[in-house]
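My entries follow in the order in which I made them.

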Amino acid sequence: MEMKKLNSGKLRAAGYDARGRILQVQLDNGDTLQYLGVGEDLWLRLGSSASAWSFYRDNIEEEFTVKKVSSQASAGKNPLDELFGPR
């Protein structure tokens, strides 16, 4: 799944699988979460929102079934390095 880099509140990246209707988000604590049954319209609105964190909290976080797919990265490793490379 291709991830879009975000820097809004605790959100660091998000991606969407239209076929499976799965929204995947990465948080600043290293957790990666998948939300099931998310429509493409919400993904598009999240990606274009001026405040993605607020949009996520208001429209996604409590509204969809969530599955944690990964947790805190090992100490000293930035979980986004795999996506975007080290700084």
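The entries below go from the whole chain to single residues.

**Basis.** I am working with a predicted model, in which local features need pLDDT of at least 70 and side-chain atom pairs count only at pLDDT 80 or more, while totals for chains, interfaces and linings use all residues. Residues are numbered from 1 along each chain as its sequence is written, and side-chain values use heavy atoms, with hydrogens and water left out.

**Fold.** I looked up the secondary structure and found 3 helices and 5 strands. I take helices (H or I, at least four residues) and strands (E, at least two) as DSSP runs, numbered from the N terminus. Along the sequence the pattern reads β-β-β-β-α-α-β-α.

I then looked up burial for the chain. Of its 87 residues, 37% are buried; buried means under 20% relative accessible area, exposed over 50%, and partly exposed in between (1.4 Å probe, protein chains only). For contacts (heavy atoms within 4.5 Å), I noted that residues 24 or more positions apart account for 43% of those with a separation of 6 or more.

**Sheet.** In what order do the strands of the open sheet lie? I read the order as β1-β2-β3-β4-β5, with antiparallel pairing. The edge strands are β1 and β5, each of which pairs on one side only. Neighbouring strands are turned by 25° against each other on average, direction ignored. For pairing I require that DSSP finds at least two bridges between two strands. Axes are lines fitted to C-alpha atoms, for helices over the stretch in contact, and angles run from 0 to 180 degrees between N-to-C directions.

With these axes I also placed helix α1 (residues 40-48). The helix lies across β1, β2 and β3 and runs at about 150° to β2.

**Strand β3.** I followed β3 to both of its partners. It is joined to β2 by 6 bridges and to β4 by 5 bridges, antiparallel in the latter case as well. Opposite Q26 of β3 stands A13, and opposite V25 stands A14. On the β4 side, I22 has L36 as its bridge partner.

Is β3 mostly covered or mostly open? I find it mostly covered, with 6 of its 6 residues buried. I22, Q24 and Q26 point one way from the strand, whereas L23, V25 and L27 point the other way.

I checked the hairpins at both ends. The hairpin of β2 and β3 has 4 residues between the strands, and R21 takes a positive phi near 55° there. The hairpin of β3 and β4 also has 4 residues between the strands, and there G30 takes a positive phi near 95°.

**Salt bridges.** How many salt bridges does the structure hold? I count 3, taking as a salt bridge a side-chain nitrogen of Lys or Arg within 4 Å of a carboxyl oxygen of Asp or Glu.

- D28 pairs with R12, the closest N and O atoms being 3.9 Å apart. This pair links distant parts of the chain, D28 in the loop between β3 (22-27) and β4 (32-36) and R12 in strand β2 (residues 11-17), 16 residues apart. D28 counts as partly exposed because its relative accessibility is 43%.
- D31 meets K68 at 3.5 Å, N to O. D31 lies in the loop between β3 and β4 and K68 in strand β5 (residues 65-70), 37 residues apart. D31 counts as buried, at 12% relative accessibility.
- E61 meets R57 at 3.0 Å, N to O. E61 is partly exposed at 26%, and R57 is partly exposed at 44%.

**Aromatic pairs.** My search of the whole structure gave 3 aromatic pairs. Rings of Phe, Tyr and Trp (its six-membered ring) pair if their centres lie within 6.5 Å; planes under 30 degrees apart count as stacked, over 60 as edge-to-face and the rest as tilted. Y35 and Y56 form an edge-to-face pair, 5.8 Å centre to centre with 80° between the planes. Y35 belongs to strand β4 and Y56 to helix α2 (residues 52-59), 21 residues apart. Both Y35 and Y56 are buried. Ring pairs link Y35, W53 and Y56 into a cluster.

**Residue S8.** S8 is buried because its relative accessible area is 14%. Not counting residues up to four places away in sequence, S8 touches S51, A52 and W53. A polar atom of the S8 side chain lies 3.3 Å from the backbone nitrogen of A52.

Note on methods
Polar contact = N/O pair within 3.5 Å; in protein donor to acceptor, adjacent residues only side chain to side chain.
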